[in-house]
Amino acid sequence: MHTLKYYYWVVNPQDRSGVTPKGLDGPRPNQKEIHSLRAFLLLFVKQLIMKDYGVKEDELQSILNYLLTMHEDDNLMDVLQLLVALMSEHHGSMVQAFDQRNGVRAIYKLLASNSEGIRVQALKVLGYFLKHLPAKRKSEVMLGHGLFSLLNERLMLHSNQFSMTTYNVLFEILTEQICTQVIHKQHPDPDSNVKIVNPRESPLGTPPLNKSPLPTAACLTRHREPPLPYGQCQCYILANKCGA
């Protein structure tokens, strides 16, 4: 990660990140070559982290440190995508290590980015983290420190820039149906097995899916029952006049 930060950066990190770049005393690879080199290095980092079927926490910490200290979108995106892939493919060991290393700090830092692409990838990481975190620990982390409220504040910073892409990933977190793919079009209608799992995650509600509006988070936080199937949740909202 040190090599990516100081030598194989996509955008010079000195102005925004305060990182003094190295290797400027000779010719540099072009942008295409830089991206290729970074891809190979990140593949090596991925293999190193998961060596011997366990998470090497020092390497995970190096990724988190990189995400916390770099601020250029082009320097962040591929590293953030690597973290999404790790959380998806190796959640059994990654989520625990991510929790122990207080990885949520990096998520909330990235959620303040002006780039929707960065925010969406950060939300993907959060989604995998919440999905695979034990319920008791999830409550300790998110409710004990007011992180759902902080998430709402971060989202509201860019509420005038929301697109279907952001709404889709919020819906994935709401139902814990996370996928690595970034979906830009409207989600298909949820089936009767879909449940609202994290109703506190957004004050903004979710987008209409075809002709069936999804419940807003504000409505959902009014009850404290176990997660409801999507259809029952719709009935609850209509009964309480909170629907569209």
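## Basis

Local features of this predicted model need pLDDT of at least 70, side-chain atom pairs count only at pLDDT 80 or more, and totals for chains, interfaces and linings use all residues. Residues are numbered from 1 along each chain as its sequence is written, and side-chain values use heavy atoms, with hydrogens and water left out.

## Helices α3 and α5

Helix α3 spans residues 31-49 and helix α5 spans residues 73-89. Helices here are DSSP runs (H or I, at least four residues), numbered from the N terminus. The two axes come within 11 Å and cross at roughly 30 degrees. Axes are lines fitted to C-alpha atoms over the stretch in contact, with angles from 0 to 180 degrees between N-to-C directions. So α3 is roughly parallel to α5 (angles under 35 degrees count as roughly parallel). The crossing is right-handed, which means that the near helix is turned clockwise from the far one by less than a right angle.

Contact means heavy atoms within 4.5 Å. On α3, the contact is made by Arg 38, Leu 42, Val 45, Lys 46 and Ile 49. On α5, the residues include Asp 74, Asp 78, Leu 82 and Glu 89. By class, the contact has seven nonpolar, one polar and five charged residues. Ala, Val, Leu, Ile, Met, Phe, Trp, Tyr, Cys and Pro count as nonpolar, Asp, Glu, Lys and Arg as charged, and the others, Gly among them, as polar.

## The nonpolar core

The largest nonpolar core has 53 residues. Such a core is a set of buried Ala, Val, Leu, Ile, Met, Phe, Trp, Tyr and Cys residues joined through side-chain atoms within 4.5 Å. Buried means under 20% relative accessible area, exposed over 50%, and partly exposed in between (1.4 Å probe, protein chains only). Helix α8 (residues 116-132) gives the most to this core, with nine residues.

Phe 98 is one of the residues with the most contacts inside the core. Beyond four places in sequence, its partners include Leu 60, Leu 83, Ile 107 and Phe 129.

Gln 121 also sits in α8. This residue is buried, at 7% relative accessibility. Beyond four places in sequence, Gln 121 touches Met 77, Leu 80, Gln 81, Val 84 and Val 182.

## Two positive phi values

Asn 102 is not a glycine, yet its phi is positive, about 55 degrees. It lies in the loop between α6 (91-100) and α7 (104-110). At 37% relative accessibility, Asn 102 is partly exposed.

Glu 176 has a positive phi near 55 degrees. Its loop runs between α11 (164-175) and α12 (217-220). At 12% relative accessibility, Glu 176 is buried.

Conventions: Angles under 35 degrees count as roughly parallel, over 145 as roughly antiparallel, 65 to 115 as roughly perpendicular and the rest as oblique.
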